[in-house]
Amino acid sequence: MTDFSTLYKKYAPDVFRFALYLSGNRSLAEDITSETFVRAWTSPEPIDAATVKAYLFTIARNLFLHGLRRESRHDQLGRELLSEQPSPYVQAEQKDEFRAVLAGLQELPEIDRAALLMRALDDMPYEEISQALRISLACAKVKIHRARLALAGIRYG
């Protein structure tokens, strides 16, 4: 594998985009992205160049799932305590279609969302998706197909 700086430059945008759509939260996606590369960098095992993207996505997904488990143990703030005013950056990003798709993604089961994002955003081969998610090849294809149908129903329904 090439040096770590090259690895980061090549894959950080993909990992960030995956984490953003997986979590729906920009700040959390940034944290997941940075932690993914820290873990890859400090891994005692060498990274296989042929499957580096799947490896990084697996780390990012595991970090996301770990965060969900940790978050479920904490009480949530009531809606009345949260600020109703989004930041200017969030306001600029929030177009109708983007919000609908993002909301639709959050409605999907996590594993379906992860499979769809790996395929749609990064054109990852089905075989790598099945390996990253530890499911069969047929199951990966079905999950992606069903997730696409669900999003199409939200978008055009």
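1. Start with Phe-37. This residue is buried, with a relative accessible area of 3%. The model is a predicted one, and the points below should be read that way. Phe-37 belongs to helix 2. It is listed among the buried residues of that helix, together with Ala-29, Ile-32, Thr-33, Thr-36 and Ala-40.

2. How are those buried residues of helix 2 arranged around its axis? Looking down the axis, they fall within an arc of 125°, so they line one face of the helix. An α-helix has 3.6 residues a turn, so residues three or four places apart point the same way. The face turned away from the buried side of helix 2 carries the exposed residues Trp-41 and Thr-42.

3. Helix 2 covers residues 26-42, which is 17 residues. From first C-alpha to last, helix 2 reaches 24 Å, close to the 24 Å expected at 1.5 Å a residue. Its N-terminal end is capped by Asn-25. There, a side-chain oxygen of Asn-25 lies 2.9 Å from the backbone nitrogen of Ser-27.

4. Now the overall fold. The protein has eight helices and zero strands. Read from the N terminus, the elements run α-α-α-α-α-α-α-α. Of the 157 residues, 38% are buried. Take the contacts between residues at least 6 apart in sequence: 63% of them join residues at least 24 apart.

5. Aromatic pairs deserve a look. The whole structure holds four of them. A pair of aromatic rings is described by the distance of the centres and the angle of the planes. For Tyr-8 and Phe-37, the centres are 4.8 Å apart and the planes stand at 70°, so the pair is edge-to-face. The cut-off for that label is over 60 degrees. Tyr-8 lies in helix 1 and Phe-37 in helix 2, so this pair ties together parts that are 29 residues apart in sequence. Tyr-8 counts as partly exposed, at 40% relative accessibility, whereas Phe-37 is buried. One aromatic cluster is formed by Phe-4, Tyr-8, Phe-37 and Trp-41.

6. A second pair is Phe-18 with Phe-57. Their ring centres are 4.4 Å apart and their planes are at 5°, so the pair is stacked. The pair links distant parts of the chain: Phe-18 sits in helix 1 and Phe-57 in helix 3, 39 residues apart. Phe-18 counts as buried at 0% relative accessibility. Phe-57 is likewise buried, at 0%.

7. The largest nonpolar core has 42 residues. Which residues have the most contacts inside it? They are Phe-18, Leu-56, Leu-105, Leu-116, Met-118, Ile-129 and Leu-133. Two or more residues come from each of helix 1 (4-23), helix 2, helix 3 (52-72), helix 5 (96-107), helix 6 (110-122), helix 7 (126-133) and helix 8 (137-156). Helix 1 gives the largest share of this core, 10 residues.

8. Met-118 lies in helix 6 and is buried, with a relative accessible area of 0%. What does it touch, leaving aside residues up to four places away in sequence? The partners are Phe-18, Phe-57, Asp-123, Met-124, Ile-129, Ala-132 and Leu-133. Both rings of the stacked pair, Phe-18 and Phe-57, are thus in contact with Met-118. The C-alpha atoms of Met-118 and Ala-54 are separated by 8.5 Å, and the two residues are 64 residues apart along the chain.

9. Is helix 6 as a whole enclosed or open? Of its 13 residues, 10 are buried, so helix 6 is largely enclosed by the rest of the structure. Helix 6 reaches 17 Å from its first C-alpha to its last, close to the 18 Å expected at 1.5 Å a residue.

10. Finally, check two backbone angles. Just after helix 6, Asp-123 takes a positive phi of about 50°. Asp-123 is a residue other than glycine, and its place is in the loop between helix 6 and helix 7. Asp-123 counts as exposed, at 55% relative accessibility. Arg-134 also has a positive phi, near 60°. Arg-134 sits in the loop between helix 7 and helix 8 and counts as exposed at 71% relative accessibility.

Notes:
Residues numbered from 1 in each chain as written. Predicted model: local features only at pLDDT ≥ 70, side-chain atom pairs only at ≥ 80, totals over all residues. Heavy atoms only, no water. Helix = DSSP H or I, 4+ residues; strand = E, 2+ residues; numbered from the N terminus. Expected span 1.5 Å × (residues − 1). Buried < 20%, exposed > 50% of the residue type's maximum accessible area, 1.4 Å probe, protein only. Arc of directions from axis to C-beta. Polar contact = N/O pair within 3.5 Å; in protein donor to acceptor, adjacent residues only side chain to side chain. Core = buried A, V, L, I, M, F, W, Y, C linked by side-chain atoms within 4.5 Å. Contact = heavy atoms within 4.5 Å. Phe/Tyr/Trp six-rings, centres within 6.5 Å; stacked < 30°, edge-to-face > 60°.
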